Amino acid sequence: MDFRPNTDVIHGDINCELRGNPSPITFFAYRPHTHTHGTVVTGYRYRDNNLKELARGNPQKPQTFYSMQEEVTVKNGDFLAARCTFNTTLEDSRIYIGILK
């Protein structure tokens, strides 16, 4: 994956379905993490056609766990999603992340 230079908003989205877990999981804290170009990380739960924001944080703040405003439970069949927002306005060449082949 690569990011264009001189771009103020670039989104990277991911999601996965929770399956095979015998009991629900309760989230009470989050830890946003990206590298230099990350500006915001937002986490979501998708259930029954409803998208709920779980947490939003600045990955450039100190790396620690931050308390969520409310505890949230996820269960089998729920989807967890995240959106990472990046900024490359100070770059003049492409930024490569991950493994290049």
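Leaving out residues up to four places away in sequence, T88 touches F3, R4, P5, N6, T7, I10, H37 and I95. This is a predicted model, and T88 sits in its loop between β7 (79–86) and β8 (95–96).

**Around T88**
- T88 is buried, with a relative accessible area of 0%.
- Its side chain has a polar atom 2.5 Å from the backbone oxygen of R4.

**Around T7**
- T7 belongs to the loop between β1 (2–3) and β2.
- At 12% relative accessible area, T7 counts as buried because the cut-off is under 20%.
- T7 and T89 are 82 residues apart along the chain, yet their C-alpha atoms are separated by 5.0 Å.
- The T7 side chain also reaches the backbone oxygen of P5, at 3.1 Å.

**The sheet**
- Four strands make up an open sheet in the order β2-β7-β4-β5, and the pairing is antiparallel.
- At the edges you'll find β2 (10–17) and β5 (50–57), each pairing on one side only.
- From one strand to the next, the twist averages 20°.
- Strand β4 (residues 38–47) runs antiparallel to β5, and seven bridges join the two.
- If you want a landmark in β5, R56 is the bridge partner of T42.

Notes:
Residues are numbered from 1 along each chain as its sequence is written. This is a predicted model: local features need pLDDT of at least 70, side-chain atom pairs count only at pLDDT 80 or more; totals for chains, interfaces and linings use all residues. Side-chain values use heavy atoms; hydrogens and water are left out. Two strands pair if DSSP finds at least two bridges between them. Axes are lines fitted to C-alpha atoms, for helices over the stretch in contact, and angles run from 0 to 180 degrees between N-to-C directions. Buried means under 20% relative accessible area, exposed over 50%, partly exposed in between (1.4 Å probe, protein chains only). A polar contact is a pair of N or O atoms within 3.5 Å; within protein, one must be able to donate a hydrogen and the other to accept it, and residues adjacent in sequence count only if both atoms are side-chain atoms. Contact means heavy atoms within 4.5 Å.
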